[in-house]
Amino acid sequence: MLKRHSHYSYPIRKIRGSSLLLVLAVMAVIGTAMAGLLVTINAYLDKVQERRAGFKAYQLAHSGVAIALQSGIQPDHPLLKQELNELESFKVELTSENARLNINALVLGSDPSPLQRLFELWGLNKEEADILVDRLGDWTDGDSLKKLNGAEELDYLAAGRRGQPRNAAFKSLDEMENVLGMGRVTEVRPDWKQYFTVWANTKLNLMEADEIVIRAYFDITEGQVESFTSYRYGRDGIRYTDDDPEDITLDEALSLLGVPLDSSAEVLTRIGIDSTHHRIVATGIVGTREHTLEVIAPSSGNVAKNSLVWLRL
Amino acid sequence: MSMRRKSSERGLTLIEVVITVGLLMLLAGALFALISSVLESRAIMTERVLKQNRLIAWDHFLRDTLSKLERETVILTEDAVSSGIANPGYRIRFINATLKLGPYAEYTNESSFILETVKGQKGAVILQLIPYPEENETGAQGAIYPPLILFDNISQIRFEFYNAFSDEWSEEWLMNNQKPHAIKNQITLQSGETHEMIVWIPHA
């Protein structure tokens, strides 16, 4: 009887327990699914928040560019650095594009010697510098005639590169990397692009140019350059401060540099003390998020929209 | 033996029922809370995305339109209050300024437009765009398009105009012989969120 009892009563209990378990299991599944959905939505919300911060940073960077594009704005103008609140701000670096060497003017002009000297000052030996200058010339000149140390189509083909050199002026600094041997410059001077331009006109701005560029340009000693650079920004060595000397003329600058005024006529046509173009680097900051815009713009007069060259958007 | 049999056939005890119901209620409550959070998060997400998209559209509209202004465009403010915070009724009139944006293609032929603030619901300010054709030779205006609402949940909106010649910002621009060199716009939404942007206006 006992056996029979257990035979009939267990299935009933089992069914009752199973239904409760089933309900609990279904609720657990739904709960888990909901929790998963909540986590996913929260993750997406974080992403939206991040994207919004990115957009705000982009907007602030554009605001910086809008200020920097105004004619007459100097790099020390307070509007170029603004804090909207604790989290949001923008800052703009305004530098003269004419402080850089116009690579096309140098390699296509009659005197590329400043370029050669610059490479040597960076640590290349004379032979390496000669080769590189000729190769840069071959890249930009319109002919297929190989310069003494240059490289034309066959040399590039031998290096596995088709359709090079371009035989036209450089359109960007990145294009310079394609010239055979530029890897050596990158080795000795990884930031070499900061010294060149293809956008500003050919006149080097002596008031803004780096010491090493001025040395290479005039083939003068470090001491000569220092006597000029220590004067051009005043005692504190910082431009746009109260101790800056009054407007320096080109003759005064050359005199301080110890460069005779009757030096090479071509060199003198390629230097100046003002800028035709500015490089604007505007960074919008929202918390830890940053967005940087970089644009080359004419520095004087009314700027047309199509005269802007956007390098970073 | 008969006692045992009876015991096996009886129903659930009161305690069993109470515990089971309590457990189910607890689980149902937790599930309800979870579903509520999911729905709330979803609503927040939708609102944020919508707000974000509106701000992006506004940014593009202002930047694109102002950067394409014609040489002869005139910008004039009307009814600006002294604090610079635009109350309903504040208008910025863009004359000879063609709308060229894609989404507003239907207004492409219109050569002037107005940015206007009007009173919205629950104390909000609405910012709307009114494209309108220039007056014809007889002085009569053609058909006016319905306003296009850009924002309907603004608590404060401020425009400032930059004059590069004097290096000054002003809350009004009444010079019909020249355009400002930049426009600063600050929008505070009813949610408390503030957006600020400065837009360059080319003069060449």
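**Salt bridges, strands and the interface**

Arg52(A) and Glu193(B) form a salt bridge, with their closest N and O atoms 2.9 Å apart. The model is predicted, so to speak of local features takes pLDDT of at least 70 and side-chain atom pairs count only at pLDDT 80 or more, while totals for chains, interfaces and linings use all residues. Residues are numbered from 1 along each chain as its sequence is written, chains are lettered from A in the order in which they are written, and side-chain values use heavy atoms, with hydrogens and water left out.

Q: What makes Arg52(A) and Glu193(B) a salt bridge?
A: The term asks for a side-chain nitrogen of Lys or Arg within 4 Å of a carboxyl oxygen of Asp or Glu. The closest N and O atoms of this pair are 2.9 Å apart, so the pair qualifies. Across the interface of chain A and chain B, the rule finds one salt bridge.

Q: How many residues of each chain are in contact at this interface?
A: Taking contact as heavy atoms within 4.5 Å, 46 residues of chain A touch 45 residues of chain B.

Q: Why is Glu128(A) called partly exposed?
A: Buried means under 20% relative accessible area, exposed over 50%, and partly exposed in between (1.4 Å probe, protein chains only). Glu128(A) has 24% relative accessibility, so the middle class applies. Arg184(A), at 28%, also counts as partly exposed.

Q: What is the distance between the closest N and O atoms of Glu128(A) and Arg184(A), and what does their salt bridge tie together?
A: The closest N and O atoms are 2.7 Å apart. Glu128(A) lies in helix H4 (residues 126-140) of chain A and Arg184(A) in helix H7 (residues 182-188) of chain A, so the pair ties together parts that are 56 residues apart in sequence. Helices here are DSSP runs (H or I, at least four residues), strands likewise (E, at least two), numbered from the N terminus.

Q: Why is strand S3 (residues 112-119) of chain B described as largely enclosed?
A: Six of its eight residues are buried, so the rest of the structure largely encloses S3(B).

Q: How do you know that S3(B) and strand S4 (residues 125-132) of chain B pair?
A: Two strands pair if DSSP finds at least two bridges between them. S3(B) and S4(B) have eight, in the antiparallel sense, so they pair. Glu116(B) stands opposite Gln128(B) in S4(B).
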